[in-house]
Amino acid sequence: MQNHVTLLLVVLLLLCGCTGNQSLDTAPDPLFTQSVYNATIYENSAAKTYVENPAEDYQLGDFSFLRIRTKGGSSAILNREVRDHYILTVKAIVAKVMATDADIGTNGEYYYSFREWTDMFSVHPTSGVVTLTGKLDYSETKQYELEILAVDRGMKLYGSSGFSSMAKLMVQVEQANEHAPVITAVTLAPSDTDKDPTYAVVTVEDNDQGANGEIASLSVVAGDPLQQFKAMRTSPGSKEYKIKAVKQVDWDSQPFGYNLTLQAKDKGSPPQFSSAKVIHVMSPHFKVGPPKFNQAIYRVNVSEFAPLHTPVVMVTAVPKYPQLKYAFRHKLDKNHFTINADSGLITTAGPLHADSLKKYELEVVTSEKKAVTKVIIDVIDVNNNAPEFKQTSYKASIDENMPIGTSVLTVQATDLDTGENGYVTYSIANVNPQPFVIDYFSGVISSSEILDYELMPRIYTLKVRASDWGSPFRREVETQVTVTLNNLNDNKPLFESVDCDITVPRDHGVGEQITTVSAIDADELQLVRYRIKAGNDLNYFDINPNSGVLSLKQPLNEIIASDGEHETQPMFLNITVVTARKPVQVKCVDTGVASMLAEKLLQGSKIHSQIEPEDNFQDFHSVNRLVPQFAETFPSVIEVKEDLPVGARIVHLSASDSDSGFNGKLVYVISGGDTESRFIIDMDSGWLKVYASLDRETTDHYTLNITVYDLGIPQKSSSRLLDVKILDANDNSPQFLQETYSVDISESTAVGTEIIQVEAKDKDLGDNGVVRYSILADTDQFAIDTETGIITVKKPLDREVQPSFVLKIAARDQAADEPQLVSTVLLKITLEDVNDNPPKFIPPNYQVRVREDLPIGTVIMWLEAHDPDVGPSSQVRYSLIDNGDGKFEVDKLSGAVRIVQNLDYEKKQVYSLTARAKDKGKPISLSSSCQIEVEVVDVNENLYRPLFPSFVDKGFIKEDVPIGTSVMKITAQDEDKERDGEIRYSIRDGSGLGIFTIDEETGKLSSFPFYPFMTGVGLRGMFCQVMNYSRNKSPMH
């Protein structure tokens, strides 16, 4: 759909005053039905196209009609992008004078003329209408006093030159409303406690004087659909206004305020309107300036396992000013956390223990402490504490031969964790089986076998393990429990030999040793004592209680041995007395007890000599022996595209620790090199991820220090450096160095001339940053170098055809693997005028018929020449090369052709004048000429003029009808007789000039071929000014 150009028709009525002895027309002053008219017309409409919604629809009767059309010629082409509205001033007549004459016929007719020559006004010789022919200047002349003569035609016809009457016409020049009001505004930030807030103070200035400079109103014309605001004058007549609310303002729907459009109107006639002024009014509750945090309270959880530099939470304040910094409001007693001043990322700065403090409350402030937020960090209890025995080691003893299940001692361990992480159970962790068991829950150690001091180890070293029930691993700790086996007298002595037959000579001396008995007791350190249990009633024998030596005291035959608690089975000695001087002979039955005891002692010595692995006690299970080691596949350099989304995985970093349990459980952290908080590593899995958006154009390389910790006690760690190279993505469109471009060039600029260079930069790399240029506008007048952006003229230019061009220039990157990005900018090329068009008369030649008796100073016609150039080159000055022997003169500015000497039909009937229109172009001016044929009409006898029955008549014709199609017939009447009453018709003016033709004799109006410049123009309506005149040699019209 075509664009419209809006025309604002402003009517200016000049006030007049008349004095003198000749009456003025008593009819009321001409009045327009409206003071302002609005009309529209399509851009690119053909020359002489009428606007839509004409200013005044024609009507018959007391109303005239006014229609507005574009000028002829190529310069009349409208371009909405160049100018979208025009303000036209339509002037009514200055005044109309009227005289009366009681005579009839020619004697009753008269001509009006000025007594003194004036270039500023003209008076119609017959109607008395005074019109303006020059340009008024209030500063030079504020009042004109004109003397108008009414000359009786009869006197001229009969050779008298006297005048019949004179009237004075006073023309008061009113100062035009030249200047529009100008608005200046200062917006305010009212307090929320202000009961009647002022949102802006507006001053309106107008440089005109008088009423034209006074301000009629200041209105809110847009941005306030609910009509909540109003401009109120601070005092009567003041040019200062305050913007106030006239009702409760709906701030909920517009929390950031309203954009109000203001416009001022002055008191001029017609009034001038200011340019629209947009002001932003803010809510008293909304203050732009200090940043605010996105959340009033941040609440997050962090694990006790979190190693040093683990990200906790990122706080953000908006708007993000360039110098915005973050800090803790209060200095922390213990450095458990730290904050990145630039990014707002809070990270751990030390170990966390839920058993000592389960919740941290921090306050973060921005620069200058204008915004504050609270950060609540809940520490999640994890199994980070191992059970702890109340003693570093335990000692206990137990007697041998105690029943199974005898309690030895109770061990106890505690765990600071909560829940199952702190629930402790016990076990014996010795590699070799032990004759003891421990209660899983209570820690009570008891025997699981009958213990034998002589046959079993005398000392037991137990590894007692305390384990919690935490996850993902149980934490375990071991302690040493030493159990000593107490020896008891639980074995009877046994004789080595029994049932002995002894032969003793009779002469064996008293006190002499007969034999030695030997008994063995398996109990350690138990002394065996001997005594004769029976058979020594006669007291013949004596036995040493300690050594078991039997000597003769007197005959005896039964012996026992005792360890003091247990006695041996009786040992029988059969002693036979033989002859003297024979040796004592002893024959006994060997019991084998000695070898038995020797074997038992040997077995016991072997058990006692064995060294338990637990003797050198070390708690290998709970000791963190090994340092975590990164895998050999750990990369030294990785590459990451900058358009990788937040949260995306980058690389999996792995490490290992051969320790068991938590000693081998690993956690990962970025311990350095990420000052912008762009990356995060999953604490448990080791996946490196994107934490914040990457931008290669800001930072293209990071060196991250990756640290892996085990969860052993004490904690051990290893670190490796990881270079992260940020690869370019096509995420930046080319950016022109200017928001818009404009250039003024001469319309005579030669083809191939470079007129301007546009330039765009792309921050990306490689093909992503290579820029190519193109013109998107539909024009073949210009070309652009795709690589340099230099724009050249491609075809000859003509400002009169198109005065300016608005080109859309595109800059496109050359990305190959990603979508290409494009930016555009507007380039306005304005053609500077060259004086290459001479003025052109419209129409090219003129014909005019004038009565011979018209008074001097009468305007007989108006020359019109149009120059499509602009500036001085378009300013046309008129002159007469041939002025008809000085009979005529043309006003150089208005083109009004006047009679300056009396005409005489009898002397000369036709004048061929040559007029010139010359522009003021430099360095040379151009001109053109036209012919004016002035036919002098004899006025001796033709007394009556032809008359149309109606001032206006209508006709209709379809478009595309054949040439010569009849439209209508126009008729007029003349009261003269014979030849003086014969009428001829002609078309003098109108939009149908050149489109229709009229039969001179019959008045038949028919279609006619268009002029070349009208070909193809669509018209919906037009009018023709038809003139009739008498066929007499002195016609009247």
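Modeller: Two strands are said to pair if DSSP finds at least two bridges between them, and the model to which this is applied here is a predicted one.

Biologist: In which sense do strand β19 and strand β26 pair?

Modeller: Strand β19 covers residues 297-303 and strand β26 covers residues 372-380, with seven bridges between them. Within this pair, Tyr 298 stands opposite Val 375 in β26. The sense of the pairing between β19 and β26 is parallel.

Biologist: Which residue in β26 is the bridge partner of Tyr 360?

Modeller: Strand β25, residues 359-366, pairs with β26 in the antiparallel sense over seven bridges. These strands form a hairpin with five residues between them, and Glu 368 in the turn has a positive phi of about 60°. Across the pair, the bridge partner of Tyr 360 is Ile 377.

Biologist: How many residues are in the largest nonpolar core?

Modeller: Among the members that touch the most other members are Val 315, Phe 337, Val 375 and Ile 377. Strands β19, β25 and β26 are among those that each supply at least two residues of this core. Val 375 touches residues including Tyr 298, Ile 346, Tyr 360 and Val 364, not counting residues up to four places away in sequence. The number of residues in the largest nonpolar core is 32.

Biologist: In the open sheet of three strands, which are the edge strands?

Modeller: The order of the sheet is β5-β8-β7, with antiparallel pairing. Strand β8, residues 129-132, pairs with β7 over three bridges, and there Val 130 is the bridge partner of Val 123. Each edge strand pairs on one side only, and these strands are β5 (95-96) and β7 (121-123).

How values were computed: Residues are numbered from 1 along each chain as its sequence is written. This is a predicted model: local features need pLDDT of at least 70, side-chain atom pairs count only at pLDDT 80 or more; totals for chains, interfaces and linings use all residues. Side-chain values use heavy atoms; hydrogens and water are left out. Helices (H or I, at least four residues) and strands (E, at least two) are DSSP runs, numbered from the N terminus. A nonpolar core is a set of buried Ala, Val, Leu, Ile, Met, Phe, Trp, Tyr and Cys residues joined through side-chain atoms within 4.5 Å. Buried means under 20% relative accessible area, exposed over 50%, partly exposed in between (1.4 Å probe, protein chains only). Contact means heavy atoms within 4.5 Å.
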